[in-house]
Amino acid sequence: MSAADARALAVVAARAADDKKAEDVRVLQVGDVLGITEFFVIASASNRRLVKTLIDHAEAVVRQELGRSPVRSEGVGELQWVLLDYGDVVIHVFTEEVRAYYEIERLYRDVPSVDWRV
């Protein structure tokens, strides 16, 4: 996929999470630092049920709008930190406590953010 396609997927996923009341949604352009993916979409949920709702909705909207499905997913059983891996985009949905513990944004504080609200 092209960089523009990856960016579009990240924006669609961020907006889908926001539609279902995700908190602190961010899109980070991590490609230059990581090399294995281009973008991270990061969002928080107040509880595990909302984590499931956010992941399900983001996956459905990306499939509907872009015709893409994740290559793999992790954490679906625990619903504390769920990862949807699309190859060029990785969506992370955390419970608030787990996100605060891992501080994933701190690790990537020097990478550009994408304004997904535009």
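**Exercise 1: a covered strand**

E2 is mostly covered, with seven of its seven residues buried. Keep in mind that this is a predicted model.

Task: Work out which residues of E2 sit on each side of the strand, and which strands pair with E2.

Solution: 
- Step 1. Look at E1. This strand pairs with E2 in the antiparallel sense, over five bridges, and Leu28 stands opposite Phe40.
- Step 2. Now look at E5. Here the pairing with E2 is parallel and runs over seven bridges; Ser44 has Phe94 as its bridge partner.

**Exercise 2: the cores**

Task: Find the residues of the largest nonpolar core that touch the most other members, then say which element supplies the largest share.

Solution: 
- Step 1. The core holds 32 residues, and Val25, Val27, Phe39, Val41, Tyr86, Val89 and Ile91 touch the most other members.
- Step 2. At least two core residues come from each of H1, E1, E2, H3, E4 and E5.
- Step 3. H1 gives the largest share, nine residues.
- Step 4. Leaving out residues up to four places away in sequence, Tyr86 touches Leu9, Glu59, Val62, Arg68, Ser69, Pro70, Val71 and Ile91.

As background, nonpolar side chains tend to be buried together in soluble globular proteins.

**Exercise 3: helix H1**

Task: Compare the span of H1 with the expected one, and list what its buried residues pack against.

Solution: 
- Step 1. H1 has 17 residues and reaches 24 Å from first C-alpha to last, close to the 24 Å expected at 1.5 Å a residue.
- Step 2. Its buried residues are Ala6, Leu9, Ala10, Val11, Val12, Ala13, Ala14, Ala16 and Ala17.
- Step 3. Those buried residues pack against E1, E2, H3 and E5.
- Step 4. Check what follows the helix: just after H1, Lys21 has a positive phi of about 75 degrees.

**Exercise 4: the largest pocket**

Task: Give the volume of the largest pocket and name the elements that supply two or more lining residues.

Solution: 
- Step 1. The volume is about 160 Å³.
- Step 2. The lining is made by Leu34, Ile36, Thr37, Phe40, Arg72, Leu83, Asp85, Gly87, Val90 and His92.
- Step 3. E4 and E5 are the elements that give two or more residues to this lining.

Note on methods. Residues are numbered from 1 along each chain as its sequence is written. This is a predicted model: local features need pLDDT of at least 70, side-chain atom pairs count only at pLDDT 80 or more; totals for chains, interfaces and linings use all residues. Side-chain values use heavy atoms; hydrogens and water are left out. A nonpolar core is a set of buried Ala, Val, Leu, Ile, Met, Phe, Trp, Tyr and Cys residues joined through side-chain atoms within 4.5 Å. Buried means under 20% relative accessible area, exposed over 50%, partly exposed in between (1.4 Å probe, protein chains only). Helices (H or I, at least four residues) and strands (E, at least two) are DSSP runs, numbered from the N terminus. Contact means heavy atoms within 4.5 Å. Two strands pair if DSSP finds at least two bridges between them. The expected span of a helix is 1.5 Å times one less than its number of residues. On a 1 Å grid over the protein atoms alone, a cavity is a set of points where a 1.4 Å probe fits but cannot get out, and a pocket is an open set with protein on both sides within 12 Å along at least five of seven lines; lining residues have an atom within 4 Å of a point. Grid points are joined across faces, edges and corners, and a volume is the space filled by probe spheres set on the points.
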